[in-house]
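Reader: I'd like to learn how to read aromatic pairs in a model. Can you walk me through a case?

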Amino acid sequence: MNYELAVALSRKIAWSNTGCIASIADDGCTATLRNLYCDPTTGLWNLSNGDEAKAVVQAHDRHTLKHLSWNHTGTELAVIDNLGNISVSSLLTSINRSSLSSRCVLGAEDNLSAPVGSMWLNQDRPLLLHGLATKNANGQWTFTGSRFRQAGPHNPHVVGEQSSRNKAAFVVVTRAGSVRLLYQGPDGVRWLEIKADLENISSAEDLITHAAICAETGSYK
């Protein structure tokens with residue numbers, strides 16, 4: 001069996017909420033960051049030439065890159081290679097330039113650690129929803145707003161009585177039926193990992209090929 005075929009995840013391009021576009025080259029050797037920009041002379045929108053994400057390539061030690069995924073805020077990028085190694089990098093922005101800084105690498109334990117499903121968890125903080133805008137008799141526009149809590153589960157780290165509301169977390173299901181959770185610690189710099197088994201795999205016929213994950217409202221402990 002060709003082990004590279006065991007990595008079911010294969011998204012080669014991802015667009016973040018910050019407007020940054022990350023992509024993997026056809027040969028899987030490099031990753032590139034691009035941004036949309038408006039030509040001041042013509043008013044037309046174009047894609048920038050792109051900057052190589054050297055931090056991602058170095059983190060994976062030249063292994064073939066297979067899958068990438070931005071978190072919900074578009075500030076953290078998870079990349080998975082053909083061996084199942086996972087890296088998380090932070091997006092750094094400056095005037096007319098974007099780059100990635102590698103934060104951590106989650107190594108594959110064995111051939112059965114290849115991810116078959118993944119998802120960024122929602123952050124445990126309220127979001128503001130804006131209602132329909134209406135125009136009053138004075139010609140002024142008004143609208144209503146409401147807050148709601150994003151569906152969990154969330155980053156599990158707790159410091160005293162305050163949870164890590166603004167910290168990211170990334171969950172992965174492997175071929176062997178294990179769930180691996182990679183999440184930011186309280187300082188926002190260190191990344192930690194916890195692991196649990198969904199079921200025992202006794203033969204090659206029991207290996208998982210694909211997994212779908214979604215958030216759900218409720219109480220999580």
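Reader: Is Trp120 buried or exposed?

Author: Buried means under 20% relative accessible area, exposed over 50%, partly exposed in between (1.4 Å probe, protein chains only). Trp120 has a relative accessible area of 4%, so Trp120 is buried. Keep in mind that this is a predicted model, where local features need pLDDT of at least 70 and side-chain atom pairs count only at pLDDT 80 or more, while totals for chains, interfaces and linings use all residues. Residues are numbered from 1 along each chain as its sequence is written, and side-chain values use heavy atoms, leaving out hydrogens and water.

Reader: How is a pair of aromatic rings described?

Author: By the distance of the centres and the angle of the planes. Rings of Phe, Tyr and Trp (its six-membered ring) pair if their centres lie within 6.5 Å; planes under 30 degrees apart count as stacked, over 60 as edge-to-face and the rest as tilted. The structure holds 2 such pairs. Trp120 and Phe170 make a tilted one, at 4.9 Å centre to centre with 50° between the planes.

Reader: Why is the pair of Trp120 and Trp191 edge-to-face?

Author: Because the planes sit at 75°, with the ring centres 6.4 Å apart. Trp120 is in strand β10 and Trp191 in strand β19, so this pair ties together parts 71 residues apart in sequence. Strands here (E, at least two residues) are DSSP runs, numbered from the N terminus.

Reader: Which residues do the ring pairs link into a cluster?

Author: Trp120, Phe170 and Trp191. Phe170 is buried as well, and Trp191 is buried at 12%.

Terms used: Helices (H or I, at least four residues) and strands (E, at least two) are DSSP runs, numbered from the N terminus.
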